[in-house]
Structure formats: structure tokens, C-alpha cells
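Load the model and keep the selection tool at hand. The tour below goes from one selection to the next and says what is found at each stop.

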Amino acid sequence: MTTNSSTPNSSTPNNGTSEYVHEHTPRLAWAKHAPEVYKAMIQLDTAARKGLDPVTFELVKIRASQLNHCAFCLDMHTKDALAAGESVERIVQLSAWEESRHFYTEKEVAALALTEAITVLTDGFVPDDVYEEAARVYDEAELSQLIAAITTINAWNRFGVTTRMVAGHYKPQAAK
């Protein structure tokens, strides 16, 4: 068992008396075995972010990762958002953004609603009202990029949860 002092989350206060559950082993190092796919995903991610507000981009990545239960991506994108100056308060509120809309701009709310609709596809499609609201606050080029960004993080999440990538070891570029 790994103790508090050697875990990736060693800043969690617990007076050093508790031990964390043992870190799981990833199933597969998919990027190593499919490097061309990994490179293509990196290129897709880079292309999808063009023209999007970087804050909205990270909020979308965090929210989709919450919905998809991708701990690796949650770790990465919350750290990236914090390193970029995003507030802890807004990140914490993401899981309840509908009840705390006042933390976000009109465009961010539309992006979060669209993220949920694309990620979950509850009824097998994106509802017209969600799409129409996003189309109201984003021009067609921005909306196209936003849809691409949401689709891309969902693909990353599928790789992460399927291969059980391990959260906790990522360091944002600025901190490396």
C-alpha cells in the first residue's frame, strides 16, 4: 500500500495517518503501440483548439472528462486550467454548472450544455434547443471548432478509460 507521502496527491491533508488505496496498473500503453494514432490525436487536438477561448477549451475538457469518468484527463485538464490561472471555485462548480451558472459567461454556459449533449447523447442526438443556444452565442467558425474540441476530448477520454491510464502524475507544461 502506498502512504500519503508518496502518492501523487500528497498535498491532501490527513495528518499523515491514513494510507491511500494502491494505484492501479494501466492496461495498455496505447500511445506506444499505436504511435501514428497518437500523433493524429495530437494534431486533431491542436486543430480543434484554434480560434477557441483557452479557458472555455479547458472547461469543456474538464466537464467531458467528468461525465466520462476519465480520471487521467481530469487530472491533466484541471492542472492545466489552474496553471493557466483558472480559479479553483469555477473548476469545482463544473460538476454542478447548471445550478451555478453565475460562475460562467453566457458563452461558457452554452459550451458546457453542448458538451453534455454531445458527450452523453441521452436521446441519441443533440437537442435542438442546446444546439440553437450555442449557435446563438458562437459564430459558425467558433461553433465548428467547439464541436471539434468536444468530440476530440471525448475520443481522448475513451482511450483513457479503456486503457485505465493512471491519474496523478501529470505536470502542466509551465511546471515541468
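**Stop 1: serine 65**

Select serine 65, which has 0% relative accessibility and therefore counts as buried. The model being viewed is a predicted one. Serine 65 sits in helix α3. Show what surrounds the residue: leaving out residues up to four places away in sequence, serine 65 touches Cys70, Cys73, Leu74, His77, Ile153 and Asn157. For a distance label, pick the C-alpha atoms of serine 65 and aspartate 75: these residues are ten apart along the chain, and the two atoms are separated by 9.4 Å.

**Stop 2: the cysteine pair**

Two of the residues touched by serine 65 are Cys70 and Cys73. Are cysteine 70 and cysteine 73 buried or exposed? Cysteine 70 is buried, at 1% relative accessibility, and cysteine 73 is also buried, with a relative accessible area of 5%.

**Stop 3: the largest nonpolar core**

Now select Leu114, Tyr138, Leu146 and Ile150, the residues with the most contacts inside the largest nonpolar core, which has 17 residues. Colour the helices α3, α6 (106-120), α7 (128-137) and α8; each supplies at least two residues of this core. The biggest contribution comes from α6, with five residues.

Centre on isoleucine 150. Its contacts, leaving aside neighbours within four places in sequence, are Val60, Ala111, Leu114, Thr115, Ile118 and Thr119. Another core, of ten residues, lies apart from this one; among its members are Cys70, Met76, Ile153 and Trp156.

**Stop 4: the largest pocket**

Finish with a surface view of the largest pocket, whose volume is about 360 Å³. Which residues of its lining lie nearest its centre? They are Tyr38, Ile42, Met76, His77 and Trp156, out of 19 lining residues. Two or more lining residues come from each of α2 (35-49), α3 (54-68), α4 (71-83) and α8 (140-163). Colouring the lining by residue class gives nine nonpolar, four polar and six charged residues.

Keep Met76 and Trp156 selected to link the last two stops: both belong to the ten-residue core, and both are among the lining residues nearest the centre of the pocket.

How values were computed:
Residues are numbered from 1 along each chain as its sequence is written. This is a predicted model: local features need pLDDT of at least 70, side-chain atom pairs count only at pLDDT 80 or more; totals for chains, interfaces and linings use all residues. Side-chain values use heavy atoms; hydrogens and water are left out. On a 1 Å grid over the protein atoms alone, a cavity is a set of points where a 1.4 Å probe fits but cannot get out, and a pocket is an open set with protein on both sides within 12 Å along at least five of seven lines; lining residues have an atom within 4 Å of a point. Grid points are joined across faces, edges and corners, and a volume is the space filled by probe spheres set on the points. Helices (H or I, at least four residues) and strands (E, at least two) are DSSP runs, numbered from the N terminus. Ala, Val, Leu, Ile, Met, Phe, Trp, Tyr, Cys and Pro count as nonpolar, Asp, Glu, Lys and Arg as charged, and the others, Gly among them, as polar. A nonpolar core is a set of buried Ala, Val, Leu, Ile, Met, Phe, Trp, Tyr and Cys residues joined through side-chain atoms within 4.5 Å. Buried means under 20% relative accessible area, exposed over 50%, partly exposed in between (1.4 Å probe, protein chains only). Contact means heavy atoms within 4.5 Å.
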